[in-house]
Amino acid sequence: MIRCSWATNPLSIAYHDAEWGVPVHDDVTLFEFLILEGAQAGLSWDTVLRKRDRYREVFAGFDPEKVARFTPRRVERLMNDSGIVRNRLKIESAIGNARAFLGVQDERGTFDAYLWAMVDGKPVINRPRESRDVPATSALSDALSRDLRKRGFRFVGSTICYAYLQAVGVVDDHLAGCFRAAC
């Protein structure tokens, strides 16, 4: 079976085969990936995938309403949890991003409605021939990054936003020869 070249171990293969590039419309899952992509900044995605279950536990199942209420004391506990990325700025941004996420939900009904309106509800399907042909950013990720920052989100630069768009299936960059490209 031919896959995108970055799927090289059991964890990344399972993620690639079942999740990456699959359109997500559930706000909790959209919030999860927003937090995980921010946590990944400067690290490998494999690192975050290995820590994902612990993130789910300590970030209240990625319920943005619960995360938005995290206190400084909770931040300190998270800073001591080796099961997650222990970076104060990333942890605090996750809490602030939960609050901003709730603001988008208040304004648009759902984060899903906000995000998918950027592509008129239809995924952007690219079929690059090789991994080197997959961009790190796009006009769409630039626009999303600008708008999220304007709304108070952090750790949402264009590169993080592009990875996020790929993760939640707004952008599908499975390589032309990948079996998922036919799905």
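Visitor: How do helix H2 and helix H3 pack?

Guide: Helix H2 (residues 27-40) and helix H3 (residues 45-58) pack at an angle of about 135 degrees, their axes 10 Å apart. This is a predicted model, where local features need pLDDT of at least 70 and side-chain atom pairs count only at pLDDT 80 or more. Residues are numbered from 1 along each chain, and side-chain values use heavy atoms, without hydrogens and water.

Visitor: Why is H2 called oblique to H3?

Guide: Angles under 35 degrees count as roughly parallel, over 145 as roughly antiparallel, 65 to 115 as roughly perpendicular and the rest as oblique. The angle here is about 135 degrees, so H2 is oblique to H3.

Visitor: What makes Asp 17 and Arg 3 a salt bridge?

Guide: A salt bridge needs a side-chain nitrogen of Lys or Arg within 4 Å of a carboxyl oxygen of Asp or Glu. Asp 17 and Arg 3 meet at 2.7 Å, N to O. Asp 17 lies in helix H1 (residues 10-18), and Arg 3 in the segment before H1, 14 residues apart.

Visitor: Why is Asp 147 called buried?

Guide: Buried means under 20% relative accessible area, exposed over 50%, partly exposed in between (1.4 Å probe, protein chains only). Asp 147 has 14%, so Asp 147 is buried. Its salt-bridge partner Arg 151 has 25%, so Arg 151 is partly exposed.

Visitor: Why is Arg 132 called exposed?

Guide: Arg 132 has a relative accessible area of 68%, so Arg 132 counts as exposed. Arg 132 forms a salt bridge with Glu 130, with the closest N and O atoms 3.2 Å apart. Glu 130 is at 36%, and therefore partly exposed.

Conventions:
Axes are lines fitted to C-alpha atoms, for helices over the stretch in contact, and angles run from 0 to 180 degrees between N-to-C directions. Helices (H or I, at least four residues) and strands (E, at least two) are DSSP runs, numbered from the N terminus.
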